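Here is a short report on ring pairs and helix packing. Read it with the model in view.

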Amino acid sequence: VAYEKTEQQMRAGETPDSINLEYFYLLKSCDVRLQRHLVQYIQSEKICESTNEQIDYDIVGEILDDIDDLEEDRAESVYNGNRLLYCIEKQDFEAIKKYEEYLSRQQIKYEGADSFGITELIISTREKLGSISLNQ
């Protein structure tokens with residue numbers, strides 16, 4: 001419901017970059033958490049919650065998806081929630097810098113304490129983000 005509300009706000013004129021980066025991707029990744037919980041429930045018949053590390057992994061994964069989908073999303077005629085694409089097309093360098101800052105904080109947070117593979121995902125995402133040409 002929260003992500004649906006966010007999409008409705010954007011269709012009504014609110015821009016994706018006006019929504020906090022981490023909150024935006026937390027909402028965007030809610031389907032991933034729901035799937036994880038359903039699988040865990042089916043396997044154990046216990047209600048479960050995602051760990052902070054899993055939530056961070058989901059958020060970084062959604063950012064990576066937006067990076068990987070830049071060309072595809074550029075070709076689409078409908079808005080599909082690619083916050084990064086919006087920032088690139090607007091040439092909003094401050095908003096794009098926030099992606100690097102967020103990923104850098106996450107990498108520092110998990111250095112030496114990674115039990116979920118998040119560090120590798122963060123490094124890969126940072127590399128791809130760094131390779132984006134903003135004059136596309």
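## Aromatic rings and a helix pair

At 0% relative accessibility, Y99 counts as buried (buried means under 20% relative accessible area, exposed over 50%, partly exposed in between, with a 1.4 Å probe and protein chains only). This is a predicted model, where local features need pLDDT of at least 70, side-chain atom pairs count only at pLDDT 80 or more, and totals for chains, interfaces and linings use all residues. Residues are numbered from 1 along each chain as its sequence is written, and side-chain values use heavy atoms, leaving out hydrogens and water.

F24 is buried too, at 0% relative accessible area. Y25 is buried, also at 0%.

The whole structure holds 2 aromatic pairs. Rings of Phe, Tyr and Trp (its six-membered ring) pair if their centres lie within 6.5 Å; planes under 30 degrees apart count as stacked, over 60 as edge-to-face and the rest as tilted.

| Pair | Centre to centre | Angle between planes | Type |
|---|---|---|---|
| F24 and Y25 | 5.2 Å | 80° | edge-to-face |
| Y25 and Y99 | 6.0 Å | 75° | edge-to-face |

The pair of Y25 and Y99 links distant parts of the chain, 74 residues apart. Y25 sits in helix α2 (residues 21-28) and Y99 in helix α7 (residues 93-110). Helices here are DSSP runs (H or I, at least four residues), numbered from the N terminus. F24, Y25 and Y99 form one aromatic cluster.

Helix α7 also meets helix α4 (residues 52-68): their axes come within 12 Å and cross at roughly 145°. Axes are lines fitted to C-alpha atoms over the stretch in contact, and angles run from 0 to 180 degrees between N-to-C directions.

Note on methods. Helix = DSSP H or I, 4+ residues; strand = E, 2+ residues; numbered from the N terminus.
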